[in-house]
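Hi,

Here is the structure I promised to pass on. Have a look at it first, and then read my notes below.

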Amino acid sequence: MNRPLRHIAVFCGFLVLALLLRTNWLQLVESEELSAHEKNRRVKIEQFSTPRGNIVVDGSPITGSKSDPGMEFQYKRTYKDGPLYAPVTGYASQAQGMSLLEKTYDSVLSGQDDRFAFQQFTGMLTAEKRRGGDVITTIDSKAQKAGYKGLKDLDARGAVVALDPKTGKVLALVSTPSYDPSEFSGNTFKEGDRYLSLVDKKGKKGKPMANRPLRETYPPGSTFKILTAVAALEHGVVDDIDAPSEAESPYQLPLSTNRIGSEAGDAVCGKASLKTAMQYSCNNVFLDAAAKLGPDKMRETAEKFGFNKDVYSEEFGDMLATKSLYPKGLDKPGTALTGMGQGSLTSTPMQMAMVTAAIANDGKLMQPYIVDELRGPDLSTLEKNEPRQMSQAISEGTVQKVQDMMEYTAKEGSAQRALIDGVTVGGKTGTAQRGVDVKDQVPYGWFVSYGKNDAGDQVAVAVFIDPTEMDISRSDISGGRLGAPIARSVMEAVLQK
């Protein structure tokens, strides 16, 4: 063989060797990653080749699958009461992908979970179609409907979260305005246009695809005064909740000429006790308490309730919530402002529901969870979630005093609209300003509460209202007026069955 031919033969040999090495590398090393890649068409064809398992609320499926004959994807996802449950289910779209529970538990719902290996093997022998498993949620349908109706009746952007304080079960997770995942679960151009119109923040009113309970943070306003009271009692700034304070009204911020008053008036709030300040939501007492506590003690208390942490656990997957923040490095006026839930402080509605739940549960903060059980196609239990305690957020002596103040606020103060006959109710209103220049902006409305009946059942609720698109005057925005009736209806749904 002459020299040029020998060089060509050697070069071709290297090419064949490289091809063999690459083929084996793909088969042995990258096959799993490639088979699961979101842009692998075969993955999507396989995902939608059989009916998906269901997401279940109160024993009934709120999802389904519809046969789509002649299409590449054989089955299309359907939803019952789609807008009601969208913040829980998310969407499973042939063109747009998946979100929330649909995404987190796709392997179970699509029947591709490793735990279904035996079923897949026997299915090959019997030619039986693959079947998906079910996701059993903790959601209480009556509580979910009560929260959704309350916000819809107001025509408000908002969120409602309800928790079982003793277990951490999520009983309601509501966001308005909402959307129907069925409208774009296929892959037609028309459905694609519907999806794009929903995510177009400029063109679509109210951001319907925003998950306000978990993914958006806001200043918590006066609902945070609960934590300021906890910090003041735990660190000895206040010993007696009935004793007069030294806080003048209006209150002058440290190192500032700004003076902050209260809606209840200076005569009521001037040197008021902590209990009276909670009853009438007096700003001066909580500003003064936070200033005396300092940023480290305030932040330490907030973190015991879940601030500055990913508190919803790794297994929540796509249900993971945005962190609620009590920032470091605050100066004296910034620290004082956090005492009334303003300044640099931010919170999700889920976080404020957790705070309220911990107060109701004698200071024990439980891990929130929304999936009670995963079941296989044969109804066998794959996983069963159990209650887990995150922390003992406050001492027994302190929590009794805070419960006393919140229950007094419901009986005699600004939270009276949440009262329910035969139920022990504690509550706190909140109005939160947006940023610094608030002259032409309507504030946010908040309301948090807990209820306990004689049978030992409990529920904690957080209601958030963004009245931006409501036809309402600034003077009519208050958590007690708008949020308390919604919280009451949710608590009734849980406790009066």
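Which residue follows α8, and is its phi positive or negative? The residue after α8 is Asp155, and its phi is positive, near 55 degrees. Before I go on, a word on the source: this is a predicted model, where local features need pLDDT of at least 70 and side-chain atom pairs count only at pLDDT 80 or more, while totals for chains, interfaces and linings use all residues. Residues are numbered from 1 along each chain as its sequence is written, and side-chain values use heavy atoms, with hydrogens and water left out.

The overall picture: the protein has 19 helices and 18 strands (DSSP runs numbered from the N terminus, H or I of at least four residues for helices and E of at least two for strands). Of its 497 residues, 53% are buried (under 20% relative accessible area, with exposed meaning over 50% and partly exposed in between, using a 1.4 Å probe and protein chains only). Taking contacts (heavy atoms within 4.5 Å) with a separation of 6 or more, 69% are between residues 24 or more positions apart.

Back to α8, which covers residues 141-154. Its 14 residues should span 20 Å at 1.5 Å a residue, and the end C-alpha atoms are 20 Å apart, so the two agree (the expected span is 1.5 Å times one less than the number of residues). The buried residues of α8 include Ala143, Ala146, Tyr148 and Leu151.

Next, a helix pair. α11 (residues 225-234) and α15 (residues 295-304) pack at about 115 degrees, with axes 9 Å apart (axes are lines fitted to C-alpha atoms over the stretch in contact, and angles run from 0 to 180 degrees between N-to-C directions). On the α11 side the contact is made by Leu227, Thr228, Val230 and Ala231, and on the α15 side by Met298, Thr301 and Ala302. Those residues divide into five nonpolar, two polar and no charged (Ala, Val, Leu, Ile, Met, Phe, Trp, Tyr, Cys and Pro count as nonpolar, Asp, Glu, Lys and Arg as charged, and the others, Gly among them, as polar).

Gln392 sits in strand β15 (residues 389-392) and counts as partly exposed because its relative accessibility is 41%. Gly363 is 29 residues away in sequence, yet the two C-alpha atoms are 5.7 Å apart.

Ser110 lies in the loop between α6 and α7, and at 1% relative accessibility it counts as buried. A polar atom of the Ser110 side chain is 2.7 Å from the backbone oxygen of Asp106, and a 3.1 Å polar contact joins the side chains of Ser110 and Gln112.

Gly53, in the loop between α3 and β1, is buried too, with a relative accessible area of 4%. Leaving out residues up to four places away in sequence, Gly53 touches Thr63, Arg77, Leu109, Gly132, Gly133 and Asp134.

Cheers

How values were computed: A polar contact is a pair of N or O atoms within 3.5 Å; within protein, one must be able to donate a hydrogen and the other to accept it, and residues adjacent in sequence count only if both atoms are side-chain atoms.
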